[in-house]
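Notebook open, structure loaded. I want to go through rings, strands and pockets and jot down what turns up.

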Amino acid sequence: MTDAWLERSYDAFPRIEEAFHRALEPSLSPRGPDVLYELVAGFELPPGSTAIDVGCGEGRHAGQLAQRFGFAVTGYDPVARHVELARDAIPNVRFELGRAEELPVTDASVDLVWCRDVLILVPDLERVYAEFGRVLRPGGRALVYQMFAGERLEPREEAELWRLLGGERTSADPAVTERAIARADLRVDDVVVLGSEWGEHAEESEGKPGKRLLWAARLLREPERYVEQFGRENYEIMLGDCLWHVYAMIGKLERRVYALTRPA
């Protein structure tokens with residue numbers, strides 16, 4: 001290190017450090033998950049429009065689409081437990097088994113495709129987006145939210161993260177997604193790059209990313225404590241989830257939303 005570096009780091013910087021801390025305290029007003037519903041509102045689809053939630057999980061978002069917009073919603077998920085829980089919890093939405101690559105939906109019958117945070121698990125994005133194009137009516141809309149690998153994610157980190165999460169490396173590449181969209185003849189109306197905003201919103205409102213950072217530290221410091229109690233596979237699932245949230249806060253992962261249209 002040079003004398004100039006020492007001067008900057010240990011003489012000049014300490015003089016402004018507390019002011020810098022104060023400047024970092026105010027929120028930058030990050031957008032949270034409701035931004036997805038705001039984008040759907042901008043589509044101006046009328047009540048009664050047919051919507052599908054692809055990879056619906058336990059049905060929460062499908063229920064919100066029905067409640068907020070009056071859509072006729074069907075949720076599809078490949079996990080039977082998700083479908084059973086959703087049916088029990090969300091009475092005003094239909095739920096069925098189905099995969100993104102092969103939707104049990106009639107051609108040109110859907111006004112809105114909603115797909116939130118699932119396509120990282122699917123290896124064949126071209127097939128998925130071809131399905132979206134097939135089921136959408138001409139002029140129909142799609143909203144796809146996904147996490148992508150960021151520029152700061154190192155190759156070894158990336159390989160380990162997708163192993164822990166069961167994710168597909170190529171599906172985390174925005175270029176692969178955009179190529180699949182183009183080949184499905186879907187039009188990209190908007191790309192919203194959220195970056196770390198959801199993570200900041202979650203930290204400011206409930207402290208979730210910070211808690212995941214603490215848990216990741218514990219998991220990495222004493223792995224055998226948790227492996228002994230819960231098993232190796234469950235340990236790795238938990239570690240992957242914690243790293244997912246931590247990496248998204250520091251730019252190793254990046255959240256994006258694609259608003260799409262099937263041209264008339």
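First a rule for charges and rings: I call a charge over a ring when NZ of Lys or CZ of Arg is within 6 Å of the ring centre and within 35 degrees of the ring normal. Housekeeping next: this is a predicted model, so I take local features at pLDDT of at least 70 and side-chain atom pairs at pLDDT 80 or more, while totals for chains, interfaces and linings use all residues. Numbering runs from 1 along each chain as its sequence is written, and side-chain values use heavy atoms, with hydrogens and water left out.

**Charges over rings.** I looked up Arg256 and found that it lies over the face of Phe148, 5.9 Å from the ring centre. Lys252 puts its charged end over the ring of Tyr247, at 6.0 Å from the centre.

**Overall.** I count 11 helices and seven strands in the chain; these are DSSP runs numbered from the N terminus (helices H or I, at least four residues; strands E, at least two). The C-alpha atoms fill a box of roughly 70 × 45 × 35 Å along the principal axes. Of the 264 residues, 44% are buried, where buried is under 20% relative accessible area, exposed is over 50% and partly exposed is in between (1.4 Å probe, protein chains only).

**Strand E7.** How many of the nine residues of strand E7 are buried? Eight are, so this strand (residues 253–261) is largely enclosed by the rest of the structure. I checked its partners, with strands pairing if DSSP finds at least two bridges between them. E5 and E7 run antiparallel and are joined by nine bridges; Tyr145 has Val257 as its bridge partner in E7.

**Aromatic pairs.** I find eight of them. For a pair, ring centres of Phe, Tyr and Trp (its six-membered ring) lie within 6.5 Å; planes under 30 degrees apart are stacked, over 60 edge-to-face, the rest tilted. Tyr129 and Phe132 have centres 5.4 Å apart and planes at 75 degrees, so I log them as edge-to-face. They are three residues apart in helix H5 (residues 125–135), hence about one helical turn. Both Tyr129 and Phe132 are buried.

**Phe69.** This residue lies in helix H3 and is buried at 17% relative accessible area. Pro46 is 23 residues away in sequence, yet 7.7 Å from Phe69 in space, C-alpha to C-alpha.

**Pockets.** I used a 1 Å grid over the protein atoms alone; a pocket is an open set of points where a 1.4 Å probe fits, with protein on both sides within 12 Å along at least five of seven lines, and lining residues have an atom within 4 Å of a point. Points are joined across faces, edges and corners, and volume is the space filled by probe spheres set on them. The largest pocket holds about 1,400 Å³. Its lining has 48 residues, and Gly55, His61, Arg116, Asp117 and Val118 lie nearest the centre. Among the elements giving two or more residues are strand E4 (110–116) and helix H3 (60–69). By class I get 25 nonpolar, 10 polar and 13 charged, taking Ala, Val, Leu, Ile, Met, Phe, Trp, Tyr, Cys and Pro as nonpolar, Asp, Glu, Lys and Arg as charged, and the others, Gly among them, as polar.

The second largest pocket has about 170 Å³. Its lining includes Trp215, Arg218 and Tyr226.
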